[in-house]
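I opened this entry to keep a record of what I looked up, and in what order. The structure goes in first.

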Amino acid sequence: MVIDARVDLIRKVKKRDFCPIALSAIALETIHTRFPLNEWLHICTDGSLLNFSQGAGAGIFSDSFSFYLHIRTFTTHFDGELKAIYVALQQCAVRLDTIERAVIFSDSVSALQAQPSNCESLRVQRCRVLLKEFKGKVSFQCALSHCGLRDNEAANFLAKKGAAILQKSCTHLLLHSAKWEIKRIFKQLFHHATSPAAADKSWSVLREFHCVPNSPRTVCCCSYV
């Protein structure tokens, strides 16, 4: 099965080099050149993570349907993106009589690249099952975020609503979620331990000849603390 997932635009752009209006114009040009609205159903998906312990949310928006939902506690932004794509595919599958060609837009390059890859994620595998069952054509296209695209902003709004739904804490964590939580706890403990020690320090010590740039980074940090 060949999965059409595009992460490029018809023009090569770097977001830092263009204003939002120019980015929006380039994005719209890509969308309407590759996927004319009269031939394709446009579906925008997005994931949102407001608090890791609360978990991620997913948002799906199109002219035919829109949804927002919470994934589960201790899920990542990537989980939200994949869940949004999965729900979009589900809706395409139950509308076989009315949908012949659909394009799913996402601002997550990693979520799009996971679709045709050998990723072992259960969420990706479920998406592939739906893609095999769908009789029409489904394509994936990367969409620029926060540049004023109406449908993409609507999906982002729905994803945030999904992430804000209160959930009971879950004691069972996926491996990547557990790694994320351990990293977050260590960063928080490190911040609490170093902030009081650095409160009365001056960065001028780092400008002394014996410290920077003639010493290793570890020595510089020790001198500062």
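**Ground rules.** I am working from a predicted model, in which local features need pLDDT of at least 70 and side-chain atom pairs count only at pLDDT 80 or more, while totals for chains, interfaces and linings use all residues. Residues are numbered from 1 along each chain as its sequence is written, and side-chain values use heavy atoms, with hydrogens and water left out.

**Overall fold.** I began with the secondary structure, which comes to 7 helices and 6 strands, where helices (H or I, at least four residues) and strands (E, at least two) are DSSP runs numbered from the N terminus. Along the sequence I read the pattern β-α-β-β-β-α-β-α-α-β-α-α-α. Of the 225 residues in the protein, 41% are buried; buried means under 20% relative accessible area, exposed over 50% and partly exposed in between, with a 1.4 Å probe and protein chains only. I also looked up contacts (heavy atoms within 4.5 Å), and among those between residues at least 6 apart in sequence, 67% join residues at least 24 apart.

**The sheet.** Next I traced the 6 strands, which form an open sheet of mixed pairing in the order β1-β6-β5-β2-β3-β4; two strands pair if DSSP finds at least two bridges between them. Strands β1 (4-6) and β4 (66-70) stand at the edges with a single partner strand each, so one side of each has no neighbour in the sheet. From one strand to the next the twist averages 20 degrees. I then checked β2 (residues 41-51) against β5 (residues 101-106) and found them paired in the parallel sense over 5 bridges, with Ala102 in β5 as the bridge partner of Leu41. Helix α5 (residues 150-163) lies across β2, β3 (55-62) and β4, and runs at about 145 degrees to β3; such angles run from 0 to 180 degrees between N-to-C directions, with axes fitted as lines to C-alpha atoms, for helices over the stretch in contact.

**Thr45.** This residue lies in strand β2 and is buried, at a relative accessible area of 0%. Leaving out residues up to four places away in sequence, I list among the residues that Thr45 touches Ile60, Ala84, Ile104, Phe105 and Ala155.

**Helix α4.** Which residues of α4 are buried? I find Arg123, Val124, Cys127, Arg128, Leu130 and Leu131. Seen down the axis of α4, these buried residues fall within an arc of 160 degrees, so they line one face of the helix; the arc is that of the directions from the helix axis to the C-beta atoms. On the other side of α4, Leu122 and Lys132 are exposed. The cover over the buried residues of α4 includes α2 (77-93), α3 (109-114) and β6 (137-142). Val129 also has its place in α4, and I noted it as partly exposed, at 44% relative accessibility. The C-alpha atoms of Val129 and Leu89 are separated by 9.8 Å, although the two residues are 40 apart along the chain.

**Cysteines.** Finally I looked for disulfides (pairs of cysteine sulfur atoms within 2.5 Å), and the structure holds 0. Cys142 counts as buried at 12% relative accessibility, and Cys147 is buried with a relative accessible area of 5%.
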